[in-house]
Amino acid sequence: KFNDPQGIREVIGDLKGTVVLFEYGSTRLCFVTSSLDNIQGAARGDTGSFGVACRRVVVKELALAPTEVVLAGSHNHTMPAVAVSAPLAWGRDEDPPAESANEPARAFLQALGQAARGLDKELVPVSVEWGVAEEKRVTYNRRGRRPDGRSYLIRTEEERQQHGPDYTGVIDPDAKVMLLRGESGRPVAALAFFTGHPVTGFNPEVMVSFGQWSQVACEILSGHLGGIPVGFLQGCAGDVNSKYMLTGTIQQGIELGRYLGESYIAAVGALHRSKRPGLQWSREKVRIPHADLPVAASLERDLASIDDFIRRGRAGDQDTLECVGLNFHATLTPPYRAQLVESVRPWYVWALDQHRAGKAAEVPKFLEMDIVVARIGDVGFVGLPFEPFVRTGLKIKREAPLPCVFTSGYTGDSTAERTYGYIPDASAVDDREYMSGYFRYVAGRPPYRSPAGDAAAEVAVAKLTEFSR
C-alpha cells in the first residue's frame, strides 16, 4: 500500500519484473521486463524519466553500455503511477535523495538494482530452445468498421460480441517461449511472448494495481519450470485487446492468465533446439513517414465539433459517444469522455496555426527512432519503441527467415528514452479511431502515411535476414 497519484483503489498482489543477461564472446545484451508500463519511457511529453533511471541502474550494476539494455514493458494498464523527478540521481555510488522518485518508482528501482547486482558473475552456459502454441481465447482485434467504412474502437465485451461470440478479427495467436537450458539439463530462465493489451478488469476511473494476465501466465510457466525467472515480452498489440475491458473483473483477468499459462506450458512441451549458435544484435535507424496536415477548413469543422462535445460532456450529456473519429462507451462518465476529447484539441489548434502562419508545408516529413534487432540462437527479436499494430508484427514474422521471432513493441528508444505511442500499419493510416489517430495527442506530430509502422518491419526483416546467414 502506498500514496499513489493515480488513485489506486486496491492493490492485488505484487508487480514483478525480470533481468535476463546474455553474453556471447564480447557481445552482451540485457533484457529488463516489467509490469510497470512506464519502464520503456513516456509516450507523451519530452522524456521518459523512469526509463532513464532504470537504464542507469542496470548500466551501473552490470557495467553495460546504455544501448545494451532493452527495457520492455507489458503495457499493463492496471498499475500505480511512477514518477522520477531526478533520473540522473540514480545509477551513482551514493544513494539517491528521497525526493528523486515517488514510492512505487523508488521501490522498483531499488529492487532492480538488487536483481542486477552480481548477475554477470552468475552467467552459465545455456542452449537456446523455443516453442510455440496457439492461444485464441484471450484477445481480439479492437479496430472495428462502421457500415460507412469508418473505423472505431471496440472497447467492451458487449461490443465485441456484436461481431459474433467467437469474434477475434486479425490477431497474432502465437504464445511463444524461449527457454534457456543449462548444461545440467535444467531450465535457467525463459522469455515468454504474446500479443494483446492487458486490460481485462481495467477501468480508468476505478484504478487497481494488478499484474494482469501476462504476469499470471508467466507465474504459471515459472512454476511449471521449477520456479525459474520468466520475463514477458509484449507483441505488436496496438490494435489488439484482451477481453473484458471496462466491464470485466480481476477474476476474469486471472482466468485469461490461466489460459495463456496453459498455452505456454504446451509450447515448452514441444520445444525446438536452436541449430544456429551465438548472439547478434544491433540498433537500427528507422524513418516513419508523415503525411500532410489536413486542410484548414476540415480542421476548423473538427474544432467546432470538439468544442461542442466538450461543452455537452461537461454538462453530463449521455449522448456524447463519438467525436472526430473517437468513440466512447456508456460506462465512461460524460465528463471523462469530454476530458479525453479535450486532450486532442491542442493538436487541432496547432495544425490550424501552421496553416495561418504559412508553415503547413514545413511540418516534419519523418519520425526517426532506433529499433533493436537481435538473433539469439534460432530466435529473432525485434524491439519497437512504439505501439505497433498487429499487422506490422505479422509482416515481420511472415518475412523473416528465422523459425521463431519475438516481434515486441513497448521497448523504448535508447537515444530518446521514450516510446512514440500508436503508429498504425500501412492499412490503417487513413483511419481516425483512437489508435490510428493517436498522433493528435502528441504536440507537433503530423498524421502518418503508408507504410507507416511497416517501415520499421522492413528494416527489421532486412537485419534478421543478415543475422540468419
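The model is predicted, so local features require a pLDDT of at least 70 and side-chain atom pairs count only at pLDDT 80 or more, while totals for chains, interfaces and linings use all residues. Residues are numbered from 1 along each chain as its sequence is written, and side-chain values use heavy atoms, with hydrogens and water left out.

The chain contains 10 helices and 22 strands; these are DSSP runs numbered from the N terminus, with helices (H or I) of at least four residues and strands (E) of at least two. With a radius of gyration of 22 Å, close to the 23 Å given by the globule rule for 469 residues, the chain is therefore as compact as a globular protein of that length. The radius is taken over C-alpha atoms, and the rule is 2.2 Å times the number of residues to the power 0.38. Along the principal axes, the C-alpha atoms fill a box of roughly 65 × 50 × 45 Å.

Of the 469 residues, 59% are buried (buried means under 20% relative accessible area, exposed over 50%, and partly exposed in between, with a 1.4 Å probe and protein chains only). Among contacts with a separation of 6 or more, 78% are made by residues 24 or more positions apart, a contact being heavy atoms within 4.5 Å.

The structure holds 16 aromatic pairs. Rings of Phe, Tyr and Trp (its six-membered ring) pair if their centres lie within 6.5 Å; planes under 30 degrees apart count as stacked, over 60 as edge-to-face and the rest as tilted. Phe194 and Trp213 form an edge-to-face pair, at 5.9 Å centre to centre and 85° between the planes. This pair links distant parts of the chain, since Phe194 lies in strand β10 (residues 187-194) and Trp213 in helix α4 (residues 212-224), 19 residues apart. Both Phe194 and Trp213 are buried. Tyr434 and Tyr438 also form an edge-to-face pair, with 6.0 Å centre to centre and 85° between the planes. Tyr434 counts as partly exposed because its relative accessibility is 21%, whereas Tyr438 is buried, at a relative accessible area of 4%.

In helix α7 (residues 334-342), the buried residues are Pro334, Tyr336, Arg337, Ala338 and Val341. These buried residues of α7 pack against helices α6 (296-314) and α8 (345-356) and strands β16 (322-323) and β17 (326-327).
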